[in-house]
Amino acid sequence: MDTLERLAINGGEKVRIKPFPTVNDQSGRWIGEEEKQFVMEVLESGHLFGVGGKFVTQFERAFAEYYGIKSAVSSSSGTAALHIALGALEVGPGDEIITTPITDMGTVIAILLCNAIPIFADVDPLTGNLSPQSIEKYISQKTKGIIAVHLFGQPCDMDAILAIADKYHLWVVEDCCQAHAAEYKGKKVGTFGIMGCFSFQQSKQITTGDGGMTISNDEQLGYRAKLFSDKGWPRDKSGRGHLFLAPNYRMTELQAAVGLAQLYKLDAIVATRRKTAEQLTSLIRNIPGVNPPKMLEVVNPSYWMYSFTVDEQELGVSSQEFQQALAAEGIPVTLGYIPKLIFEYDVIKEQKTYGKTHCPFDCERTNKGAGRYRAEDYPNALWSLKHWLCISWNEGISESDVQDIATAIRKVATVLSKSHKSKDDCQIKS
């Protein structure tokens, strides 16, 4: 076989040697003079504390305006943003919240910090988002709401999820931590449910290093969310003390200064991500054995990650073998998103929560048997983690970078397919 046809994993030449842009440094992040100007303004003022400062207030107002809602409450992380939402909704011990088994642990931590029970529904195997058909069978008398996670920046099927919530008188909180500016039927995610939660962690569409935001169109919930982010402290002239138990999740002026500058760039960042991701889809769509990302027709993703699958039967290899061959070509691709379903981590599997108490799983208010999760009950989620091929996406990825990714995918798929067909021919002749 010619060296150009030989896969890099078998000693051939790599398609790509130069590193790709990454969200971990300036190569994949649009951080520049605007952020410097705002941060210097904070430093020169000498006031870094969010309360009484300028930028936290401006950032919250600008974020609320961008999403067209009434309130936005900043915080220290996306996990905090989710906890604030559940705190504002007064989720308590033994309450059940339905969500997905494929998500960041922050989604589940927010539930457990309320002493509530996470209940998992299965997912659409190709999008990874909650399957509305699966949600309904997990609803009990203890169910209070649903956390819909817009995985990889692709919106969930919100019409179907909201219809189920309405049928059973449940609320919906949207976990938009990977989905800034993503749209469902022309409307931004985070504005469909009773509250929406965002993360500004390093890898997200916009970043403050770490940080979060909780939004709502319900003014009372917005007020309670603000209290919950600040130790239950109204900070008015009434002289009232701390009104209820709540953490300190305040954002600093430095974070907000960066966040405000980043927010002004969000539309351009997402437009760039969409352009290059759609370019990749167009280049790999007709490669035999390769399946581009599945998209609902009514969504406009914001591409936190680009995921695709392969036809193992047609190529004659497993998804893992394809991933290994593609990675050897210099493409930063991983198999799956998280290594196992979220409830298989020790914190949930062994109920390592509040000291040695196992709360909330053994709370007297908890339904008997709650917290006993079986992986086999989630066949679609299991399939997804074994078959997704994932590439982290960012605004630094250029059209030439996309060309290299597509070239490598085509090379690997073509060589593997030829090899598979050759083996089949040999077996037929023998």
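**Notes on helix packing, aromatic rings and one aspartate**

1. Let me begin with a helix pair: Thr 79, Leu 82, His 83 and Leu 86 of H3 are in contact with Gly 106, Thr 107, Ile 109, Ala 110 and Ile 111 of H4. Sorted by class, this contact between H3 and H4 has five nonpolar and four polar residues, with no charged ones. Do keep in mind that the model is predicted.

2. As for the geometry of that pair, H3 covers residues 78-88 and H4 residues 105-112, and the two pack at an angle of about 35° with their axes 8 Å apart. H3 and H4 cross in a right-handed sense.

3. H1 (residues 33-45) and H8 (residues 253-263) have their axes 8 Å apart and an angle of about 155° between them. This makes H1 roughly antiparallel to H8, since angles over 145 degrees count that way. The crossing of H1 with H8 is right-handed.

4. Which residues make the contact between H1 and H8? From H1 come Glu 34, Glu 35, Phe 38, Val 39, Val 42 and Leu 43, while H8 supplies Glu 253, Leu 254, Ala 257, Val 258, Leu 260, Ala 261 and Gln 262. The class count for H1 with H8 is nine nonpolar, one polar and three charged residues.

5. On to the aromatic rings, where the count comes to 22 aromatic pairs. One pair I would show is Phe 120 with Tyr 373: the ring centres are 5.0 Å apart and the planes lie at 75°, so the pair is edge-to-face. The two residues are 253 apart in the chain, with Phe 120 in strand S3 (residues 117-120) and Tyr 373 in the loop between helix H12 (346-349) and helix H13 (379-387).

6. Are these two partners buried or exposed? Phe 120 counts as buried because its relative accessibility is 0%. Tyr 373 is buried as well, at a relative accessible area of 18%, given that the cut-off is under 20%.

7. Elsewhere, an aromatic cluster is formed by Phe 59, Phe 63, Tyr 66, Tyr 67, Phe 198 and Phe 200.

8. Finally, please look at Asp 95, which sits in the loop between H3 and strand S2 (96-99). Asp 95 has a relative accessible area of 13% and is therefore buried. Apart from its neighbours within four places in sequence, Asp 95 is in contact with Glu 90, Ala 116, Ile 117, Lys 142 and Lys 144. The C-alpha atom of Asp 95 is 42 Å from that of Thr 281, which lies 186 residues away along the chain.

How values were computed: Residues are numbered from 1 along each chain as its sequence is written. This is a predicted model: local features need pLDDT of at least 70, side-chain atom pairs count only at pLDDT 80 or more; totals for chains, interfaces and linings use all residues. Side-chain values use heavy atoms; hydrogens and water are left out. Axes are lines fitted to C-alpha atoms, for helices over the stretch in contact, and angles run from 0 to 180 degrees between N-to-C directions. Helices (H or I, at least four residues) and strands (E, at least two) are DSSP runs, numbered from the N terminus. Angles under 35 degrees count as roughly parallel, over 145 as roughly antiparallel, 65 to 115 as roughly perpendicular and the rest as oblique. A crossing is left-handed if the near helix is turned anticlockwise from the far one by less than a right angle, and right-handed if clockwise. Contact means heavy atoms within 4.5 Å. Ala, Val, Leu, Ile, Met, Phe, Trp, Tyr, Cys and Pro count as nonpolar, Asp, Glu, Lys and Arg as charged, and the others, Gly among them, as polar. Rings of Phe, Tyr and Trp (its six-membered ring) pair if their centres lie within 6.5 Å; planes under 30 degrees apart count as stacked, over 60 as edge-to-face and the rest as tilted. Buried means under 20% relative accessible area, exposed over 50%, partly exposed in between (1.4 Å probe, protein chains only).
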